[in-house]
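Let's take a walk through this structure together. Have a look at it first, and then we'll go inside.

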Amino acid sequence: GGVSVLLRAASTIFPFAVLGIQREQGRRIVRTFQPGATAVQLIDEQGKVMGQLEPELGEGLFAGPMPAKRRKYRLRITWADGAEQDIEDPYRFPSTLGEMDLYLLGEGSDKYIYRKLGAHTTSVQGVTGTRFAVWAPNASRVSVIGDFNSWDGRRHVMRLHPGNGIWEIFIPGIGNGTLYKYEITDARGSLLPLKADPYGALHEPPPGNSSIVFDTHYEWHDDDWMNQRTTSPRLDSPTSIYEVHLGSWRRKDDGSYLSYRDLAVELVEYVDSMGYTHIELMPVTEHPFFGSWGYQTTGYFAPTSRYGSPADLKYLVDYLHRQGIGVIFDWVPSHFPGDAHGLATFDGTHLYEHEDPKIGFHPDWSSWIFNYGRHEVRSFLISSGLFWMEEFHADGLRVDAVASMLYR
């Protein structure tokens, strides 16, 4: 009975209280949950076997003593088909969010929350991997799933920080290019549709909707532009803005999209020849339906992958700036679509949107309206706006559909 309780806890909100190194009955043990495994061994950094973990139940739970004076270990797993795999145990690593991080996240005052939430490659205790963090305060379980765990939500159940509803885990050995989603169980124990990461830096192009681990390392060359840029308008010279939708402005001969880098040449040449001082990009935030022109946003921290990577979009902005052309981004903090993988009923409750459809649903657009009364939602949107200004060097934001933000 006690082991069954442990197994249930391992797959719900307290996995770190059960898995990894635990002290039980005066001794240190290692426990791991590996459904589909037939044997699990403890190994050291050089691959030397330090001990055998024994099954606690016939359901993938293994446990055994941790060698004295040892703090680090790895796992050697033998699967049902006879294959062996050596892995780092994600449940041996501490939280990657400090007390101040959690305080600011709970208060909703962190204007750069995207640096904490989402997926970020990092190193913990000398091991490289990716830290995942997501806000889902009303969920009973949140897991990261992807090819790295056969899309099995039992394998990487996240740690809950109850004070602010943040779920978090460091998964060793995965990095840029890794596809992932969140598997969320609501407060009643029902599985929700798989969710993309609200803070994801890159997402699959439609019809796919997985998020992709992507940390951009781009070297900017627009120092001259950024140094002379001011917060007040230039009143001594004219401003002429060219509004453009990147996906339909011009296409390749075969009908495919021009990439961000293709546009850096063709679009700049056109805009410069016409005498425009700025371009306004219709929303480049990720969106599932091309026909919305980007105004039905699902990825508030991700440029659409239809035209390339985040680094490619930075190259486009960089190139425009070096040609003396300002860049304004269309940005849509007023509403979002109800696609199952998006923000709507994110943790089984109306988390980002108003619960009352009379003020939370826009019938003309069939989209949800943000609940600006929640400080976490305001933090999400302010952080998104600053993200495009700072990470992508946008010179300004054109805010869409302000009327729907002001009038109910």
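The largest cavity has a volume of about 60 Å³. This is a predicted model, where local features need pLDDT of at least 70, side-chain atom pairs count only at pLDDT 80 or more, and totals for chains, interfaces and linings use all residues. Residues are numbered from 1 along each chain as its sequence is written, and side-chain values use heavy atoms, with hydrogens and water left out.

A cavity here is a set of points, on a 1 Å grid over the protein atoms alone, where a 1.4 Å probe fits but cannot get out, and lining residues have an atom within 4 Å of a point. The volume is the space filled by probe spheres set on the points, which are joined across faces, edges and corners.

So who lines the largest cavity? You'll find Leu-105, Ile-113, Leu-117, Trp-135, Ile-166, Tyr-199, Tyr-352 and Glu-376 there. Seven of these lining residues are nonpolar, none is polar and one is charged (Ala, Val, Leu, Ile, Met, Phe, Trp, Tyr, Cys and Pro count as nonpolar, Asp, Glu, Lys and Arg as charged, and the others, Gly among them, as polar).

The second largest cavity has a volume of about 40 Å³. Its lining includes Pro-198, His-341 and Phe-346, and splits into four nonpolar, three polar and one charged.

Now for the helices, which are DSSP runs (H or I, at least four residues) numbered from the N terminus. H5 (residues 260-274) and H6 (residues 310-322) pack at an angle of about 20 degrees, with axes 8 Å apart; axes are lines fitted to C-alpha atoms over the stretch in contact, and angles run from 0 to 180 degrees between N-to-C directions. That makes H5 roughly parallel to H6 (angles under 35 degrees).

Note on methods. Helices (H or I, at least four residues) and strands (E, at least two) are DSSP runs, numbered from the N terminus. Angles under 35 degrees count as roughly parallel, over 145 as roughly antiparallel, 65 to 115 as roughly perpendicular and the rest as oblique. On a 1 Å grid over the protein atoms alone, a cavity is a set of points where a 1.4 Å probe fits but cannot get out, and a pocket is an open set with protein on both sides within 12 Å along at least five of seven lines; lining residues have an atom within 4 Å of a point.
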